[in-house]
Amino acid sequence: MSQDHSLNPETMPAEPEKATLEGKNKFFGLWFFLGGETVLFASLFGTYLALKNSTAGGPTSNDLFGLELVFLMTILLLTSSLTSVYAMYHMKNNEFKKMQLWLGITALLGLGFLACEIYEFAHYITDYGFTFRSSAFGSAFYTLVSFHGGHVIFGLSWLIALMVRNAKRGLNLYNAPKFNTFSLYWHFIDVVWVFIFTVVYLMGKVV
Amino acid sequence: MSIAATQKRGFGTVLWDYLTTVDHKKIAHLYLFGGGFFFLLGGLEALFIRIQLITPENDFLSAGLYNEMITMHGTTMIFLAAMPLLLGLMNAVMPLQIGARDVAFPFLNSLGLWLFMFGGILLNLSWFLGGAPDSGWTSYAPLSIQSPGHGVDFYVLGLQIAGAGTLIGGINFLATVVTMRAPGMTYMRMPLFTWATFITSVLILFAFPALTVGLFLLMFDRMFGSAFFDVALGGNTIIWQHLFWIFGHPEVYILILPAFGLFSDIFSTFSRKRLFGYTAMVFATMLIAFLGFMVWAHHMFTVGLGPVANSIFAIATMAIAVPTGIKIFNWLATMWGGSIKINSAMLWSLGFIPTFTIGGMTGVMLGSSVADYQYHDTYFVVAHFHYVIVGGTVFGILAGLHYWWPKMFGRILHEGMGKFTFWVFMIGFHLTFFIQHFLGLMGMPRRYWVFLEDQGLDLGNLISTIGAFLMAIAVIVFLYNVVHTAIKGDKAPADPYDGRTLEWTTASPPAHYNFKQLPLVRGLDPLWIEKTEGKGKMTPAEPLGDIHMPNGSILPFIMSLGFFIAGIGFIFQVDHSAWLIAVYVGMAIAIGCMLIRSLKDDHGHHIHKEELEREAD
């Protein structure tokens, strides 16, 4: 490839993720995409808020939610966002190994979050018989939280694919934007969770 | 490459070229082809509707089939005809207007196109697989939940796939305008069509996810037993209406803003004047887009949201008339004192102004929430939205096609036939829809498949149907014009209209890299500036050098095919769980393609300097 040279400069620029036009495009493109995702989750939150008391005689949010587990999940996901920041910090200093290490920790924390979520859903279904079909509240709850969970699964798959693919060749101007867009996406998932934690779980215990 | 293009190529080569292309100009051709095809289908459905209503108590269509016709007519025209045709024009022209060699994400551009194609095909397969959707293009719950068969399932999955394609297209255009403008092309030097593309893309970005969610809820209710719209389990059907219109109202601005943009370019070109009030035009476009998100509940005045909500939405709705009025007056002022040249592109633009103004005025009437109780669900509404969508968007698309045809296809459409098309269509259009205002005021409800004799509706409906056939004749003449032009049309020069903007600095059709050297833009209407200063062509902003271009790929096609297969599986797994295999296989194909795309490096290729030097200027 004629441009391999230009993508592997002797000294990496200060912001390798935005040094090429492709990188800049990816950066803006992902930000725009997150704008759309915001509306997607806003619509789901709106639906949830409209239906959260429509329990059709089944368990209410107050009966179901235990804040201990959700607190743990919040800690896991917030920490994973922090570790992805460390990873990007090392990317900008062109320290590939350290970046991979912090991304690995990010992935583990994300997996931990996901495990907790699966446990949580299983607990609601087996112990309370609270399912996607029990009531409008059930449908809205599982849809909102699972859309977030689905984003976590997608993000983890993306991250692991990136880490494995680039494990042997290190950083260059071609893959740096990819890591950076992943980290933006991951932060967004984290922000959505903060809202779920507040709107679904905390408010669910109050009302 | 123009050298390769001169050689005769086999059909298979051309087909493969189009299936794998990431060139925005070829993707534009495909959008126009796909959108044009669905436009004909939707037009045929419209004719069936009008034939059914030609006389009282007609039995040309059964009630059920009539419901399918109106649903598919609306859905097809909005999602599969108007929007793709506009996306086609945007793809063809916008990168040229900002002096870019391609879009920001050529691969995604192709993916968006194929998702639209497969979504449209999936939706229309419903005709052959047990009946089309029949709960209206708005598909209100609980009607859409109760609708038997798979019709509404096709609606849900077809629109989900096509909508994802549109969203991808929107993001692509946004990034393109932000990062890929030529040197000197500041935001406030962009042609109005580029501005409209940019702002429309913002609307797409923020409107379509609401539809995505609405469609998911409908899908979950119909296929997986959830209870969003099931009142017995605490569901609420109004949620659908909100989500649909939070998407649906910006959607109508997605349809009209690109038309506004291209009319601005056309008026300016054929009046040989700078656009009057350029800055005001840009900000009016933004204001319309912004207000477009604030008015969705004016579709729901009769739901019972209460007088406060209705009043707020009524006022917001009427406020949109202000920026729209600014635009109308600016167009008139652009022509004022200009040396006007009237050809078919200009005719469509001139016809648009009074037609759209009528539609806008009935819009303000409908925006009055108290009066709306009288108009709601009558033919008055049908007349209103056809005046704005046909009189605005379809006129706009036809104006744009006549204007940019030489740039897109290298030949000029036949003027005589173009003018004939315009006059027949214009007369047919007003015959069809003007009378419908009065039919509506006299109480004729929309979506009914028959009306009774001697209610004062007979003559009006007859006239309306005659008008529809005139429009059909006009479209047939236009199609003949296209074929005629392709075979023996005049070859177009690079700048057939003495144009003002950058697209007219490229060859007709442009080389696949668009600009050998990126142009240096020195102001609004950059080509016109160079012309007035006696130079007549752009100054290059860079020395001649290697050009980096993206590689073609078949992956977008296969990925979309995967989603299509999964869509079929989702629809029929309700009947038999064996269809879940199709879901898994389809999703595996789609996700596999994503993985390949992510893991396989794609650096694009270079066109070398020597090669460029060899090509004639």
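This is a predicted model: local features need pLDDT of at least 70, side-chain atom pairs count only at pLDDT 80 or more; totals for chains, interfaces and linings use all residues.
Visitor: Which element of chain A has the lowest mean pLDDT?
Guide: Chain A averages a pLDDT of 93, and 97% of its residues score at least 70. Among its elements, helix α5 (residues 96-128) has the highest mean, 97. The lowest mean, 67, belongs to helix α1 (residues 4-7) of chain A.

Visitor: What box do the C-alpha atoms of chain A fill, and what share of its residues is buried?
Guide: Taken along the principal axes, the box is roughly 65 × 30 × 25 Å. A residue counts as buried if 20 or more other C-beta atoms lie within 10 Å of its own. Of the 207 residues in chain A, the buried share is 42%.

Visitor: Among contacts in chain A between residues at least 6 apart in sequence, what share joins residues at least 24 apart?
Guide: Contacts here are between residues whose C-beta atoms lie within 7 Å. For chain A, the share joining residues at least 24 apart is 82%.

Visitor: Which residues of chain A does the UniProt annotation "transmembrane region" cover, and what is the helix content of residues 184-204?
Guide: The unreviewed UniProt entry places this annotation on residues 28-49, 69-89, 101-121, 141-164 and 184-204 of chain A. In the model, residues 28-49 of chain A are 100% helix and 0% strand, with end C-alpha atoms 31 Å apart.

Visitor: Which element supplies the largest share of the side of chain A that touches chain B?
Guide: In the interface, 33 residues of chain A are in contact with 34 residues of chain B. On the chain A side, α2 (21-51) and α6 (136-166) each supply at least two residues. The largest share, 16 residues, comes from α2(A).

Visitor: How do the residues of the side of chain A that touches chain B divide into nonpolar, polar and charged?
Guide: Gly is counted among the polar residues in this division. The residues on this side of chain A are 17 nonpolar, 13 polar and three charged.

Visitor: What radius of gyration does chain B have, and what would a compact globule have?
Guide: The C-alpha atoms of chain B fill a box of roughly 70 × 60 × 45 Å along the principal axes, and 56% of its 617 residues count as buried. A compact globule with 617 residues would have a radius of gyration near 25 Å. The value for chain B agrees with this, at 24 Å.

Visitor: Which residues of chain B does the annotation "domain: Cytochrome oxidase subunit I profile" cover?
Guide: Chain B has 21 helices and four strands. The annotated span is 70% helix and 1% strand, and its end C-alpha atoms lie 43 Å apart. According to the unreviewed UniProt entry, the annotation covers residues 10-522 of chain B.

Visitor: What distance does helix α16 of chain B reach from its first C-alpha to its last?
Guide: Helix α16 (residues 415-441) of chain B has 27 residues. It is followed by B:Gly443, whose phi is positive, near 105°.

Visitor: Where are B:Pro142 and B:Pro509 found?
Guide: A cis peptide bond joins B:Ala141 and B:Pro142, with omega about 5°, and another joins B:Ser508 and B:Pro509, with omega about -10°. B:Pro142 is in the loop between α5 (106-125) and α6 (143-146) of chain B. B:Pro509 lies in the loop between β2 (490-491) and α18 (526-532) of chain B.

Visitor: Is B:Asp525 buried or exposed?
Guide: B:Asp525 lies in the loop between β2 and α18 of chain B, and its phi is positive, near 55°, although the residue is not glycine. The cut-off for a buried residue is 20 or more other C-beta atoms within 10 Å. B:Asp525 has 23 such neighbours, so it counts as buried.

Visitor: Is B:Arg272 buried or partly exposed?
Guide: B:Arg272 is not a glycine but has a positive phi of about 50°. The residue is found in the loop between α9 (238-271) and α10 (278-292) of chain B. With 14 other C-beta atoms within 10 Å, B:Arg272 is partly exposed.

Definitions and conventions
Residues are numbered from 1 along each chain as its sequence is written. Chains are lettered from A and ligands numbered from 1 in the order in which they are written. Two residues are in contact if their C-beta atoms, placed from the backbone, lie within 7 Å. pLDDT is the predictor's confidence in each residue, from 0 to 100. The expected span of a helix is 1.5 Å times one less than its number of residues. A residue is buried if 20 or more other C-beta atoms lie within 10 Å of its own, exposed if 12 or fewer, and partly exposed in between; C-beta atoms are placed from the backbone. The radius of gyration is taken over C-alpha atoms; the globule rule is 2.2 Å times the number of residues to the power 0.38. UniProt positions are given in the numbering used here, feature names are shortened, and annotations may be inferred rather than shown by experiment.
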